[in-house]
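Please take a moment with the sequence and the three-dimensional view below before reading on.

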Amino acid sequence: MRALRWHSAQDLRVEQIPTPKPGPQEVRIAVQYCGICGSDLHEYESGPHAIPVGTPHAVSGRTAPLTLGHEFCGTVVELGSAVSSLQVGDRVAVEPEYRCSHCAYCRSGAYNLCADMGFAGLMGDGGMADFAVVPSYMLHRLPEGVSLEQAAVMEPAAVALHALRRSQLPAGGSCAIFGLGPIGLLLVQLAKLQGAGTIIAVDVSPQRLEMARQAGASLVIDGKGLTPRALRHTIASATDGLGVDTSFEAAGLQATFEGALRALRKGGNMVMVGLMSEARLDAFDAVNRELSLVASVGYHDVYQELMGLIEAGRFDPTSIITKTVPLEHAVSEGFAALVQDRSQIKILVSPPMGRNHKR
């Protein structure tokens with residue numbers, strides 16, 4: 001079978017490798033779509049960051065080179081001998097978090113914090129291939145009313161919904177979302193769906209700001225050229241001079257981190273979703289305004305709710321998809337395009353041979 005393999009930074013290769021066989025508790029799926037995530041881009045540009053090199057991951061047992069892609073879906077084609085919860089032919093979404101099932105975090109239900117946390121497609125083989133083998137616990141059978149294209153973007157939607165759950169955003173409350181990549185745009189949709197009043201979206205891309213407007217943002221702000229003071233004033237003016245109840249940092253940049261803090265009212269809370277190695281914090285200001293900062297990683301127990309919202313016609317995550325490319329062009333038309341063109345939001349890779357790919 002064909003697979004897009006990470007060998008090192010700037011070295012992704014579509015290679016022929018043996019088709020994997022599932023172990024007793026595993027399932028092999030024929031992959032239909034796999035999204036390119038910001039984490040994949042980090043590994044492509046400057047990795048390894050999460051990809052295990054030298055020492056195998058504790059759950060997957062894998063090291064580089066490995067197959068990228070953790071936002072994927074497909075159809076069950078082979079079951080491990082101990083799997084009874086699925087059938088060949090089932091359409092499935094993949095919840096790609098590894099879990100050990102026996103650490104304190106897994107036993108408490110917070111499997112996203114597993115002591116051996118990891119993701120298929122980063123710490124083990126993922127979905128940018130014709131076939132993928134994953135543990136059966138990762139798979140969710142799709143209801144009739146949920147398409148495979150919708151399932152392909154369920155993973156970033158799960159990140160957004162978990163971040164929203166981690167927040168203290170009240171019904172009718174105000175929020176500001178800094179960074180309008182896939183997670184930021186999905187946060188706009190889900191915040192509106194969950195009853196947020198004022199939703200302010202901040203980015204420097206006109207295309208992304210327009211997408212946020214269409215997704216339900218009350219106010220979009222082009223942050224390009226705005227001083228922190230001017231940005232704070234604009235947000236305060238839209239919230240009775242107070243600032244927002246909740247802000248979400250979804251870009252992983254110092255500027256958006258500071259902006260998300262400044263946007264808050266006294267007693268407000270900020271949710272950190274974007275990935276960054278370190279951030280500078282005005283602790284004096286945070287204490288004086290009694291701000292709360294929480295982090296959000298991955299997700300747990302959100303896929304069933306997302307599938308219900310999609311099936312009911314209340315939520316459609318495919319609005320963030322801007323292009324679908326074949327596996328053999330994943331690097332040139334997928335990874336490179338996302339690095340070079342901010343009008344691209346979510347690019348899907350579709351392994352099946354001979355399908356019609358949309359530009």
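What follows is a guided reading of this structure, beginning with the overall fold.

The model shown here is a predicted one, and its chain forms 11 helices and 18 strands. The radius of gyration of the protein is 20 Å, which is close to the 21 Å that the globule rule gives for 359 residues, so the protein is as compact as a globular protein of that length. If you follow the C-alpha trace along its principal axes, you will find that it spans about 60 × 45 × 45 Å. Among contacts in the protein with a separation of 6 or more, 70% are made by residues 24 or more positions apart.

In soluble globular proteins, nonpolar side chains tend to be buried together. In this model the largest nonpolar core has 89 residues, and those with the most contacts inside it are Ile29, Met128, Met154, Val188 and Phe335. Helix α4, which runs over residues 154-166, gives this core its largest share, namely 8 residues. Leaving aside residues up to four places away in sequence, Met154 touches Ala93, Leu142, Val146, Tyr303, Leu306, Met307 and Ile310. There is also a second, separate core of 16 residues, and Ile221, Ala260, Leu264 and Met270 are among its members.

A further residue to look for is Gln189, which lies in helix α5, residues 182-193. Is Gln189 buried or exposed? Gln189 counts as buried because its relative accessibility is 13%, and the limit for that class is under 20%. Again not counting residues up to four places away in sequence, Gln189 touches Ala215, Phe315, Asp316, Ser319 and Ile320.

Which residues make a nonpolar surface patch of about 320 Å²? The patch is made by Tyr105, Leu113, Met117 and Val297. One of these residues, Tyr105, is found in helix α2, which covers residues 104-108. Tyr105 has a relative accessibility of 43% and therefore counts as partly exposed, a class that lies between the buried limit of under 20% and the exposed limit of over 50%.

Note on methods: Residues numbered from 1 in each chain as written. Predicted model: local features only at pLDDT ≥ 70, side-chain atom pairs only at ≥ 80, totals over all residues. Heavy atoms only, no water. Patch = residues over 30% accessible without salt bridge, like charges linked within 9 Å, V, L, I, M, F, W, Y side chains within 5 Å. Areas by Shrake-Rupley, 256 points an atom, 1.4 Å probe, with all protein chains shown as cover. Salt bridge = Lys/Arg side-chain N within 4 Å of Asp/Glu carboxyl O. Helix = DSSP H or I, 4+ residues; strand = E, 2+ residues; numbered from the N terminus. Buried < 20%, exposed > 50% of the residue type's maximum accessible area, 1.4 Å probe, protein only. Rg over C-alpha atoms; globule rule 2.2 N^0.38 Å. Contact = heavy atoms within 4.5 Å. Core = buried A, V, L, I, M, F, W, Y, C linked by side-chain atoms within 4.5 Å.
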